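Morning, everyone. I'll walk you through it.

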Amino acid sequence: MHDEQEQTPVTAPETGEADSAAAEFEELIQGRCKQPFQQRVQKILEGRLRTLRQENEALRRQAEEQRRYETGCVERLAREAEDIRRLYGDFDWQQEMRDPAFGRLIAAGVDGRTAYEAVHHRELLAQAMRYAARRDREQYSRAVASSARRIPENGGGSTAVTRTDPKALTSEELSDIRRRVQRGEKIRF
């Protein structure tokens, strides 16, 4: 039964009706409804402006806090710079702040030394390894020179090996014997 009834499609108002409605609305807002309409529009505008002012104020405060925080981080870094320079002679905080990774660490509240070490860890590790190798070479050279200058005691130039069977020697003792032989020492069992 429902299908038997003819349904009329809903269509948009014709252009003439739309123009008529617009004209009627215009007559109302210019005539007897003018003041309530203007008050309503004014209230809507004031509400939107108030919201915009509040958002602007919040953004201004946030930007000011961020600026103060960043200034504090930079001031803290400038105070730490001399201590960091004592450890790492080439430290220049202004130059380091040009590196985005360093700047992000400082802005996050990380102290200057830790930030520098984090950003330059590979370079610092390589430098430390070169220093350790150079120091070991120097110590070895001094030890060799010192033993060459030593006066042989009791007419012998070597220390005695206490075991008579080489099979019983530990790997450390064998390594020590090899080093002594390389220096020219004669070993006897």
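Predicted model: local features only at pLDDT ≥ 70, side-chain atom pairs only at ≥ 80, totals over all residues.

Salt bridges. The count comes to eight. The rule is a side-chain nitrogen of Lys or Arg within 4 Å of a carboxyl oxygen of Asp or Glu. Residues are numbered from 1 along each chain as its sequence is written, and side-chain values use heavy atoms, with hydrogens and water left out.

Take arginine 60. Its partner is glutamate 57, with the closest N and O atoms 2.5 Å apart. Both sit in helix H2, three residues apart, about one turn of the helix. Helices here are DSSP runs of H or I with at least four residues, strands are E runs of at least two, and numbering starts at the N terminus. Arginine 60 is partly exposed at 48% relative accessible area, and glutamate 57 is partly exposed at 32%. On those words: buried means under 20% relative accessible area, exposed over 50%, and partly exposed in between, with a 1.4 Å probe and protein chains only. Glu57 and Arg60 also belong to a salt-bridge network with Arg61.

Now glutamate 82. Glutamate 82 pairs with arginine 85, closest N and O atoms 2.8 Å apart. Again the two are three residues apart in helix H2, separated by about one helical turn. Glutamate 82 is partly exposed at 41%, and so is arginine 85, at 31%.

One more pair. Arginine 180 bridges to glutamate 185, at 3.0 Å between the closest N and O atoms. Is arginine 180 buried or exposed? Buried, with a relative accessible area of 8%.

Next, the whole chain. It has seven helices and zero strands. Of its 189 residues, 12% count as buried. Contact means heavy atoms within 4.5 Å. Among contacts between residues at least 6 apart in sequence, 43% join residues at least 24 apart.

Now the core. The largest nonpolar core has 12 residues, including Cys73, Leu77, Ala81, Phe91 and Trp93. A nonpolar core is a set of buried Ala, Val, Leu, Ile, Met, Phe, Trp, Tyr and Cys residues joined through side-chain atoms within 4.5 Å. Helices H2 (34-87), H4 (100-107) and H5 (112-119) each give two or more residues to this core. H2 has the largest share, four residues. Look at alanine 81: beyond its neighbours within four places in sequence, alanine 81 is in contact with Phe91 and Trp93.

Phe25, Phe37, Val41 and Leu45 make a nonpolar patch of about 330 Å². Patch residues have over 30% relative accessible area and no salt bridge; like charges are joined within 9 Å, nonpolar side chains within 5 Å. H2 gives the largest share here, three residues. Leucine 45 lies in H2 and is partly exposed at 44%.

Last stop, helix H7. At 1.5 Å a residue, its 12 residues, 171-182, should span 16 Å; the end C-alpha atoms are 16 Å apart, which agrees. The expected span is 1.5 Å times one less than the number of residues. After H7 comes glycine 184, whose phi is positive, near 100°. That's the tour.

How values were computed
Areas by Shrake-Rupley, 256 points an atom, 1.4 Å probe, with all protein chains shown as cover.
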